[in-house]
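Hi everyone, thanks for making the time this morning. Let me put the sequence and the structure up on the screen, and then we can walk through some helix pairs together.

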Amino acid sequence: MSGSESNVFPQRSSLTFLGRRDERAALCEVLEAARRGHGGAVVVHGEPGIGKTALLDQTVASVPGLRVLHADGHEYENELAFAGLHQLCAPLFDHMNRLSAPQRDALSVAFGLRGGAKPDRFHVGLAVLGMLSDVAEHEPVVCVVDDAQWLDQESAQALAFVARRVEAEAVALLFSLRELDQRQELAGLATLHVEGLRENHARTLLTAQIHAPIDERVQDRVLWEARGNPLALLELPRSAMPDSWADTSVVPEAQPVTRKIETSFREQVADLPPATQLLLLVAAAEPLGDALLLWRAADRLGISSAAALPAQSADLLDIDVRVRFRHPLVRSAVYGAASAHDRRRAHVALADAISPAKEPDRRAWHRGQAAQGPDEQAAADLEASADRAMARGGTSMAAAFLRLAAALTPHPELRVSRTLAAVQAMRDAGAPDEALDLLSAVDTSLLQPLQSAHAEWLRAQLAYDTKRNDTSVALLMQAAGRIAPYDTETAREAFLEAFTAAVFVGRFGHAQRLTDIAQAVTPAASAPQATRPRDLLLNGLITQATQGYSAAVPLLRGAVDAYTAAQDDHTASIGMLGMVCSAAQDVWDDKAFRMLAERQVRIARADGAVAALPVALSYRALACIHAGQLTEAAALIDEVHTITEAIGAPAMLYVDITLAAWRGERTRTLTLAKEVMNETSERGEGRMLTAAEYATAVLFNGLGRYDAALKACQQACDLDELSFRPWVQPEFVEAAARSSLSDLAKPAVERLEECARVCGTPWARGMWLRSLALVTQEDKAEPLYLEAIDMLGMTESTVHHARAQLLYGEWLRRQGRRSDARSHLGAAYDTLASVGAAAFATRASRELQATGARLCRRKAEAFEQLTAQELRIARLVAGGATSKEVGIQLFLSPRTVDAHLRNIFAKLGISSRRQLRDINLSSQEISSIPAP
């Protein structure tokens, strides 16, 4: 849509656009910045009718030279995956051929232009960013997204992704929504709150609409009720007779403004001719705003184009290339006021007007809405549409299709089956309350034994989603036991899920819970000759619970290898992959851990499994932390919080507190630890407490407060929980050794030795040797330190390798070998400072100063000027990556990367990539100038 087309109702906007000088100035600033190549995004929020749309339209129209793209959220299409994004991008389809193949393919599949695997959400976002960047090279672009609270989730995620990455593009995104918490994806973007008009402007607007004497008390009452809401001020005069404005007795009781506005719209619609009302209903029932489809459907109902004139004259509807209601509440009023019979007529006409070959899902939806009662063909079509939606990653859309399919299914058993599938899809889409409501409505008398067991499993899963405690674990275990007699394969999956849940509950669960689950699995659903990955994993966990760690490692190793070797992402469910990630930690395979964590996130995004995504992101963030990628971890953790808040799931602070500890953020770490203790007492999730104890130990070890570190992780060390051994035991050993309590550390060292012996990985051997060196006599420690450094240098555990160098450097200094110490302490400092492990970096710098060395501050300070994003780009470019390659890895456009590079060059005082490579290789070097 061009800038000249942005005012759909120009005759009204001159009246409604009173005041708003400050708001308009703020938006103009964003648009002018975009014209200069500095993109940005603003979320405009306020109650319905407050004038957000008028503000956006008038402001955009006042800034010349912009390419304006529009997308409108619609209440009835928020379950149609990528529908909002399709609106916005449709005018840009000719730019798709300029995208890279993965991005072009992802966008084509998302928009239904071609078939294919589920599109990667990041590729979709990057594709949209690429198209906008391409257009912006020729003219600045502004994307106006109105009523964003009704966007489908997939579109909201993609647009939020773009909004955070346009700082170097001539692109501005303007969103409008009612309440900020309605669209958590947009959290963190700049906001602009639109409040009611000031009294003088409100009075002007009111009196301009009433051509009759106005009793001052009536006027004051109306102004008070409207609270400056422009749409209310425009609509209230229409709901009363002209002479009533001179009589205080007819002023109605105060009602919510939205209800008043919608009531007024209903009254206006009721005064229109029947054919016009039916045309409005067809438009309201088809949320995509397709004018051609509207007229095809109208023709089937015998409605002529003349029927639109009264609606347009009443300023309720505008029909051009697209169909737009004057306000979303007009659509709500029209559809809500219509009889069930008329709604069915509208949907029948729309279904008949849609090609079953080209748009089978849209047609199936309208046919389903048109059904008067049970209709197996309509239900089957909806079920097929749900399958296609799931394949495109539209989990919430699939849930909507399945729910309607279940309602239309005549056969009781099949209806139950489809209802349970809808519940599962709702749970995956992050709608646990709606899922539980639908599950509660199932007629249990119709359930077959297996269906009843499956329903119990779903109920247990929803309970665990809401509150991770031992009660929900017991429910999961009970459900698995009920499934076992009827479906061994599903039972094993359910037992595995119960086992995983029990691990999370940890110390707050029943003392023998893991053993109980292991014993329940063996007779009910055992697979002693297991060869499949899932069976290897479950048998490995059972063995670990019943026979101990060493006996379990071969099975766990086999499971991890099988899952990492799998070519198909869907070899395992998302929840199962979480346990495989834990198994990878238990067998000390850092590369497999990272790979599996990435796969878990990829599947969750592709499937639209919002409920599972926070856990997947947390595993990925943990892998980033131990690889020294603290900035990447922080971004993942922010996304975790956004999602959990949006879906009402419990907060996940595991990795949040770990990141704070590695950064040396004392206040934040201890504040989060206190929060964790308070939450775990309510939720009963013991694993969170173990994570807090580990993180606190990391913090205090970094600060050199070894006594506090020892106290923090004593209980976690004794518990020796699944997948925590690689993290907790080494922290405990370091704290004990530095507290002159080496004997206290020996049991932990023995556990690490067992890991090194049965696993044999560089990570396991490196951490054992590092710990062993700490408790070994001084004259025998050096070869242990050196081998530990070599082993850890072969891993992806950057921070642990650096800490081994730090410990060895400290040992060398105590031996009086200052020159040797400087080399290792310098290397440790260089790594720890560059990744942002501030406390450990400070500890290394103190040790360096004690050797008489000093830091080359000039280069170090130059790098400290870089933002986290600039530092990441600098490292990648220094490694030889092109702007396009950096953009793909960091989800930025090449133009944005180049803009960051210009800032990097200016801050570092250089002018080329070659100089950046040279500086990056030599930055923060430690000089070996001896003390006087």
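Let me start with a question: which residues in H20 meet which residues in H22? Before I answer, please keep in mind that this is a predicted model.

So, here is the list. From H20 we have Glu413, Val416, Ser417, Leu420, Val423, Gln424 and Arg427, and they meet Gln451, His454, Ala455, Leu458, Gln461, Leu462 and Asp465 from H22. Sorted by class, this contact has six nonpolar, five polar and three charged residues.

H20 covers residues 412-428 and H22 covers residues 449-466, and their axes come within 11 Å and cross at roughly 15 degrees. Angles under 35 degrees count as roughly parallel, so that is what we call H20 and H22. Their crossing is left-handed.

Is Gln451 buried or exposed? Gln451 has a relative accessible area of 14%, so it is buried, the cut-off being under 20%. Leaving aside residues up to four places away in sequence, Gln451 touches Glu413, Val416, Ser417, Leu420 and Leu446.

H32 is residues 654-662, H34 is residues 686-703, and here the axes come within 8 Å, crossing at roughly 5 degrees. That makes these two helices, H32 and H34, roughly parallel as well. On the H32 side, the residues in contact are Tyr654, Ile657, Thr658, Ala661 and Trp662, and on the H34 side they are Arg687, Met688, Ala691, Ala692, Tyr694, Ala695, Val698 and Leu699. How many of the residues in this contact are nonpolar? There are 11 nonpolar residues, along with one polar and one charged.

H36, residues 725-738, packs against H38, residues 762-774, at an angle of about 15 degrees, and the axes are 9 Å apart. H36 and H38 are therefore roughly parallel to each other, and their crossing is left-handed. In H36, the residues involved are Pro726, Trp727, Pro730, Val733, Glu734, Ala737 and Arg738, and they meet Trp763, Met767, Arg770, Ser771 and Leu774 in H38. By class, we have eight nonpolar, one polar and three charged residues in the contact of H36 with H38.

While we are here, have a look at what follows H36. Ser739 is found in the loop between H36 and H37, and Ser739 is partly exposed, with a relative accessible area of 23%. What does Ser739 touch, not counting residues up to four places away in sequence? The answer is Tyr706 and Asp707. Ser739 and Asp707 are 32 residues apart in sequence, and their C-alpha atoms are 6.1 Å apart in space.

Ser740 is in that loop too, between H36 and helix H37 (742-759). The phi of Ser740 is near 60 degrees, a positive value in a residue other than glycine. Ser740 counts as exposed, at 67% relative accessibility.

Trp588 also has a phi near 60 degrees, again a positive value in a residue other than glycine. Trp588 lies in the loop between helix H28 (574-586) and helix H29 (590-607). Trp588, however, is buried, with a relative accessible area of 1%.

One more helix, H17, residues 360-370. Its buried residues are Asp361, Arg362, Ala364, His366, Gly368 and Ala370. Which helices do the buried residues of H17 pack against? They pack against H12 (274-285), H13 (291-300), H16 (340-353), H18 (376-391) and H19 (395-408).

To finish, let's step back to the whole chain. The protein chain contains 47 helices and nine strands. It has 932 residues, and 57% of them count as buried. Of the contacts with a separation of 6 or more, 70% are between residues 24 or more positions apart. Finally, the accessible surface of the chain comes to about 36,500 Å², and 51% of that belongs to carbon and sulfur atoms.

How values were computed:
Residues numbered from 1 in each chain as written. Predicted model: local features only at pLDDT ≥ 70, side-chain atom pairs only at ≥ 80, totals over all residues. Heavy atoms only, no water. Axes fitted to C-alpha atoms, helices over the stretch in contact; angles between N-to-C directions. Helix = DSSP H or I, 4+ residues; strand = E, 2+ residues; numbered from the N terminus. Parallel < 35°, antiparallel > 145°, perpendicular 65-115°, else oblique. Contact = heavy atoms within 4.5 Å. Nonpolar A, V, L, I, M, F, W, Y, C, P; charged D, E, K, R; others polar. Left-handed = near helix turned anticlockwise from the far one by under 90°. Buried < 20%, exposed > 50% of the residue type's maximum accessible area, 1.4 Å probe, protein only. Areas by Shrake-Rupley, 256 points an atom, 1.4 Å probe, with all protein chains shown as cover.
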